Amino acid sequence: MILSVHDLSVTLGGSHILQGVSFDVPPTGITALLGRNGVGKTTTLRAVLGEIPATGSVDFGGVPALGRPTHRLVRDGLGYVPEDRCVFAGLTVAENLRLAVRSQDPDFRTVFGLFPELKQRSDQSAGTLSGGQQQMLALARVLLNPQRLLLIDEPTKGLAPAVISAVAAALERMAERVPMLLVEQNLAVVRRLARDAVVLAAGRVAWHGPTEELLGDPARTRDLLGVGSTVRRP
Amino acid sequence: MSTVVLLTLTGLGLAALYFLIASGLSLVFGLAGVLNFAHGLFLSVGAYAGWFVATHWALGPAIPVGVAAGAATGALVELVVIRPLYRRPTEQVLATVGLSLAGVALLQSIWGADPRSYPRPAWTAHTTGVLGAQVPDDRFLLIGAAVLVLAALLAFLRWTRYGLIIRAGVENRAMVSALGIDVRAAFTLVFTLGGALAGAAGVLGGMYFGSVSPGQGAGLLIFAFIVVVIGGLGSVTGCAVAAVAVGLLQQFVNYYGTSGAGDVSVVALLAVVLLLRPGGVAGKVTA
């Protein structure tokens with residue numbers, strides 16, 4: 001397993017948000033982290049990344065990760081694309097990418113192959129990009145360097161259907177190179193991309209197994225996620 | 001006309017001094033989120049270091065020594081006092097306030113509470129005629145230094161990797177870490193840079209006022225904070241604009257109004273900016 005999370009607990013502002021979350025992420029493919037709003041999906045990613053204090057254990061590539069500074073985990077190959085993209089609005093596209101470069105040989109070829117629009121807009125301020133373009137930039141930043149696992153939080157949130165399809169296609173191609181733990185609300189995207197799914201409910205893992213098994217059972221999907229799974233492919 | 005020219009250039013000289021202090025303060029707050037009340041101490045240490053060199057050795061090295069002393073103090077304060085307190089903002093503010101008070105007391109214990117006469121280059125005692133006004137040359141020293149510093153800071157922020165990190169960190173420092181960058185090194189750098197600029201302001205301020213005293217840094221810090229807030233936290237350009245506005249307003253109101261009205265008008269300007277544009281002139285951007 002590339003990532004093993006065991007008994008992860010997080011308390012923020014007096015709220016016990018994660019209460020002993022345990023799951024594994026295999027070294028290939030996409031694992032979806034699902035659940036209703038507010039169950040702790042983003043908190044789980046941020047705790048794994050060391051952005052917020054947590055207890056329990058997290059092994060990344062067989063090495064304990066909890067307590068290590070975020071930048072060290074990232075340098076060890078843990079890429080992170082946060083919810084709402086968090087591109088640097090005051091920097092140009094080129095500067096956003098330049099800032100993300102860590103390796104001697106950044107993979108601009110793959111980045112511009114997946115997102116050619118970024119090359120055309122390299123001198124444009126990132127704050128003036130559309131939501132879809134900002135998402136592409138956020139994904140591009142993690143693709144420049146060699147990665148061992150990507151944590152991707154709601155990459156299709158707030159995007160138009162056509163853009164969702166483009167982002168899903170990009171994620172599909174990225175997943176050929178690097179495994180992902182993907183937080184995603186759009187079940188059509190989950191069905192298309194994720195082989196396995198972990199479902200959180202009330203700060204705990206409520207279900208863990210193949211995505212098809214989860215989404216193929218409408219009653220279970222409704223019960224765990226509060227929505228039906230009969231959505232069209234993006 | 002000549003009065004207006006003199007007041008303008010004197011106001012710009014004061015603005016230059018405010019800018020030198022406030023630009024470092026602004027970068028420190030913008031990037032590291034530290035409300036650094038010890039920044040005045042960096043200025044005082046730089047001022048006294050420059051004064052010591054100028055009175056015991058030579059005037060020439062006073063500025064580089066003052067800059068180095070301010071930079072070293074900034075780096076030391078960040079590494080020893082601020083770094084252990086990054087997750088504890090209240091303690092951080094208390095620590096910088098305490099450090100500021102202790103610094104003034106330390107300087108008093110070494111050199112006494114009375115102002116010391118500050119050596120200055122002979123040419124700054126002369127005046128230059130500008131549009132009918134006889135303007136003391138020390139104003140041009142301050143204005144020239146501030147323009148050079150502004151250009152150098154903008155080039156640093158625009159063209160260097162650390163400049164890029166600082167600009168990004170002012171927007172979202174958690175995201176900078178999430179890109180694999182050790183943002184703490186950038187924190188140390190901005191403290192060092194801020195200390196260096198404050199040190200320069202200390203020496204130039206000493207030459208401008210003609211004296212240095214232990215409380216000088218703390219006194220100027222109040223106006224520097226006002227400039228930082230008006231300019232927009234973390235914005236160097238905003239700082240420059242705000243410093244000019246504050247310096248000119250203070251000079252003109254002090255001359256045409258009653259004594260002390262200049263300081264009141266600056267506070268009024270701050271209130272107006274906070275009401276109309278809470279993010280300051282430039283908002284939270286660095287360049």
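Among contacts in chain A between residues at least 6 apart in sequence, what percentage join residues at least 24 apart? The figure is 67%, where two residues count as in contact if their C-beta atoms, placed from the backbone, lie within 7 Å. This is a predicted model, in which local features need pLDDT of at least 70 and side-chain atom pairs count only at pLDDT 80 or more, while totals for chains, interfaces and linings use all residues. Residues are numbered from 1 along each chain as its sequence is written, and chains are lettered from A and ligands numbered from 1 in the order in which they are written.

Chain A comes first. Its secondary structure comes to ten helices and ten strands, these being DSSP runs numbered from the N terminus, with helices as H or I of at least four residues and strands as E of at least two. The radius of gyration of chain A is 17 Å, close to the 17 Å of the globule rule for 234 residues, so chain A is as compact as a globular protein of that length. That radius is taken over C-alpha atoms, and the rule is 2.2 Å times the number of residues to the power 0.38. The C-alpha trace of chain A spans about 45 × 40 × 35 Å along its principal axes. Of the 234 residues in chain A, 47% are buried; a residue is buried if 20 or more other C-beta atoms, placed from the backbone, lie within 10 Å of its own, exposed if 12 or fewer do, and partly exposed in between.

Chain A holds an open sheet of four strands in the order β2-β1-β4-β5, with antiparallel pairing. The edges are β2 (15-25) and β5 (63-64) of chain A; each has a single partner strand, so one side of each is left without a neighbour in the sheet. Strands pair here if DSSP finds at least two bridges between them. Strand β1 (residues 3-12) of chain A and β2(A) are joined by eight bridges in the antiparallel sense, and A:Leu12 stands opposite A:Ser15 in β2(A).

Another open sheet in chain A has six strands in the order β6-β7-β8-β3-β9-β10, and its pairing is mixed. Here β6 (78-81) and β10 (204-210) of chain A stand at the edges with a single partner strand each, so one side of each has no neighbour in the sheet. On average, neighbouring strands of this sheet are turned by 15° against each other, direction ignored. For such angles, axes are lines fitted to C-alpha atoms, for helices over the stretch in contact, and values run from 0 to 180 degrees between N-to-C directions.

Within this sheet, strand β3 (residues 30-35) of chain A runs parallel to strand β9 (residues 196-201) of chain A, with five bridges between them. A:Thr31 stands opposite A:Asp196 in β9(A). Helix α1(A) packs on the sheet, where it touches β3, β7 (149-153), β8 (180-183) and β9 of chain A, and its direction makes about 145° with that of β7(A). Seven of the eight residues of α1 (residues 41-48) of chain A are buried, among them A:Lys41 and A:Arg46. Just after α1(A), A:Gly50 takes a positive phi of about 80°.

A:Tyr80 stands opposite A:Leu151 in β7(A). A:Leu78 and A:Tyr80 point one way from β6(A), A:Gly79 and A:Val81 point the other way, and all are buried. Helix α6 (residues 131-143) of chain A lies across β6 and β7 of chain A at about 170° to β6(A).

Helix α3 (residues 93-100) of chain A leads towards the other chain. Six of its eight residues are buried, so α3(A) is largely enclosed by the rest of the structure. The cover over its buried residues includes α5 (116-120) and α6 of chain A together with α6 (161-177) of chain B. The contact between the chains takes 16 residues from chain B and 19 residues from chain A. On the side of chain B that touches chain A, nine residues are nonpolar, four polar and three charged; Ala, Val, Leu, Ile, Met, Phe, Trp, Tyr, Cys and Pro count as nonpolar, Asp, Glu, Lys and Arg as charged, and the others, Gly among them, as polar.

Chain B has ten helices and four strands. Buried residues make up 53% of its 287 residues.
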